[in-house]
Amino acid sequence: MKAFLKKTIIFLLPLGIFFMAMEPLLRNIPNDYNYKNNYLKNNSNKISKLFLGSSHTYYGINPDFISGNSFNGSHISQSINLDFEILKKYKNNWDELEYLIIPIDYFTLFSRLRTGIEYWRVKNYNLYYDIQMSNKLSENSEVLSINVNSNIRRIGSYYILNKIPITCSELGYGNINVKSKDLVETGKTAALRHTTKDFSKLNESIKILEEILDWASKNNTKIIFYTTPAYTTYVSNLNASQLELTMNTIKKLVENNTNCSYFNLFEDSDFYASDFSDADHLNQEGAKKLSLKLDELISNISKQERTTKALTK
Amino acid sequence: MLFNSIDFAIFLPIVFFIYWFIANKNLKLQNLLVVLASYVFYGWWDWRFLSLIIFSTLVDYIVGQKLRTENNEFKRKILLWTSILVNLGFLGFFKYYNFFLDNFVTAFSFFGTEIQANSLNIILPVGISFYTFQTLSYTIDVYKRKLEPTKDFLAFTAFVSFFPQLVAGPIERATNLLPQFYKKRTFDYSRAVDGLRQILWGLFKKIVIADNSAQIANEIFNNSADYSGSTLVLGAIFFTFQIYCDFSGYSDIAIGTSRLFGFNLMQNFAFPYFSRDIAEFWRRWHISLSTWFRDYLYIPIGGSRGGTSMKVRNTFVIFIVSGFWHGANWTFIVWGALNALYFLPLLLLNRNRTNTDTVAQGKYLPNLKEFYQIGITFSLTVLAWIFFRAENIGHAFSYLATIFSKSLFEIPHFVGMQTAIYTLFLIAIFIIIEWIGRNEQYAIAKLGFTSKKSVRYAIYYSIILAIFLFMGQQQQFIYFQF
């Protein structure tokens, strides 16, 4: 028995050492998550417009085209519960936050990062945002959440080729030049990926949105909900009832709350095929268009509010 | 708990350590540890379903005890049917309720009668088909007086819930596994090393071959309307390797884990894709289920005795029931019926036991005839797997229609071609290793007693390296849904 244990340990030791050495090396590599967390740590008290959400926001909102101090705090596949966690993490710092802008897309109310195909990103919130999403070992480790092949490439790329893997701009916009993909093909695959039969997360999502609204009203922050523009090949492949449920839910929420507005830009006619990198993500041109459009809509709300205030005085 | 998870990588050494270092002096303590570990292992998914296992255990234990003293045949039958009804009742409710309801509604509406019936949102308890059959085998064997009912409740509970094979087999017979819980287990170095080796091979099959093949098969099957016939053939071949490596990989890990604890489980797969006819395939595929159906269904209804019509009926019954066991969908029933059609000519011509030895025994390669037979059997199997994998019958037929169209001769093209190319390369290496080790319990078993230590270690590390470098996106074991 002792011989068995001894030999097994000796056999596994090189592997253990290899993995243990990898973990700190990987954690030391800069990434979008620790960059954004550091940015918020230092600047959250100065931000007046905060954009949260998933890849639709990450690639779709460029704060360079938004007036005032704005920041894009989104990440790929960041679900609504994580938006709320980020908001809560700096809850005492949002001194200047006037507008919190949250996308309500086709999948927003029904999906969570952990249950989607990008579930391996959960570790980023545990490790780099210090938001304790889970106690699972695999979700608290770089080595255990990404395959060795990719990890070796990441280490080589950073430590040998000196490539920094941060893919967002200073203000959080995912400004990498994404290669355009086939709009018909991606329309089908993305719609399939985003369509669900499981609506069990809906009530929890509504609760989270209500808590965000509640927090915002106490903090004197206005919430802007919007639906990101998508190309027709995506829209036409969606499940009508899931889409209708999303729209009805958000409409009801806006009707019942005074400190929020909703803009449906889903099928906005100002966005053409040339504005998309794939059927549900905008490219740099599209992002500029969307950012300017939202900025204008927010300015209009701001003007309206000032007028209302002046009239009521 | 999944075998290919970090949770299990932590769970296994802890249980192993307690089992051999703390509980090793006392058999009862060891059995108690097996039960507790098994309940933790199972409860990791959903602890609520533990109540089903506990209830089944209690029912079958009590029925066993009553059968011990009962000599009245009628009362014995009632006891047997109590166990069958309870176990199959659970299985029927959780697995087949919605299927039967939907089909009744459809059937009535076909005759013009509309019935209002709502299907239930039922979660299928993991492994219910496996442990139900295992515990049923105990009661039936006791009823038939082939097995002495156990008085040791702890040993019986450990037998029903033994964690390595609880959720996806091998479906053990009480005659093989239960007595192992009565005897004191002593640690055997070579058996433990052999267990680890089989676990490693199982992990390779699952993580490298099955998970990578799954990615491609899923892409092609989910978007089959967009692809050419040649691509769909590739999709079916990838699924063929996915299901084999997924399921036999699970069995290897289960058998290997059992060896670590001093238990011997039955071989569940014996290189089925090297079979020369369908009868041989079914002697080598999911052996524990095939023999279960043979002993508890096929033989009791007459087996291959009687006239031709009886043989045909019995063959269809066993294959269709076996198909239906896999899931509440017509696709599984058709898959079973198709296999019955493949099998029937061999049975009727009395050629179902022609190939009972290992192919090309003592030779490096098969001869031309064997190669041809293997090719034909493999092709028939691939064809049948299309029904098994399809969403519904319509999907299966449209899949087949595309295969047998002009587009069969187009160059395959699909999303994920790069993964497919290296997966094909890995499958080729895998087939070579399986071919070399086809006489053993599992492909790399021979390594334990023929090679030098340095060679062995180099091979083990190569396998581990391959697992880490080529691991596919983690997929749940297919057979969990059954």
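Is K201(A) buried, exposed or partly exposed? In this predicted model, in which local features need pLDDT of at least 70, side-chain atom pairs count only at pLDDT 80 or more, and totals for chains, interfaces and linings use all residues, K201(A) is partly exposed, with a relative accessible area of 23%, where buried means under 20%, exposed over 50% and partly exposed in between (1.4 Å probe, protein chains only). Residues are numbered from 1 along each chain as its sequence is written, chains are lettered from A in the order in which they are written, and side-chain values use heavy atoms, with hydrogens and water left out.

K201(A) lies in the loop between α8 (183–194) and α9 (202–218) of chain A, helices being DSSP runs of H or I with at least four residues, numbered from the N terminus. Not counting residues up to four places away in sequence, K201(A) touches L109(A), F110(A) and R112(A), contact meaning heavy atoms within 4.5 Å. R112(A) is 89 residues from K201(A) in sequence and 8.2 Å from it in space, C-alpha to C-alpha.

Turning to the interface, 24 residues of chain B are in contact with 24 residues of chain A. The two chains bury about 2,000 Å² between them, 74% of it on carbon and sulfur atoms; buried area is the accessible area (1.4 Å probe) lost on putting two parts together, summed over both.

The rule finds 1 salt bridge across this interface (a side-chain nitrogen of Lys or Arg within 4 Å of a carboxyl oxygen of Asp or Glu), and it joins K188(A) and D226(B) at 3.2 Å, N to O.

The elements giving two or more residues to the side of chain B that touches chain A are tabulated here.

| Element of chain B | Residue range |
|---|---|
| α1 | residues 6–22 |
| α8 | residues 189–222 |
| α18 | residues 453–470 |
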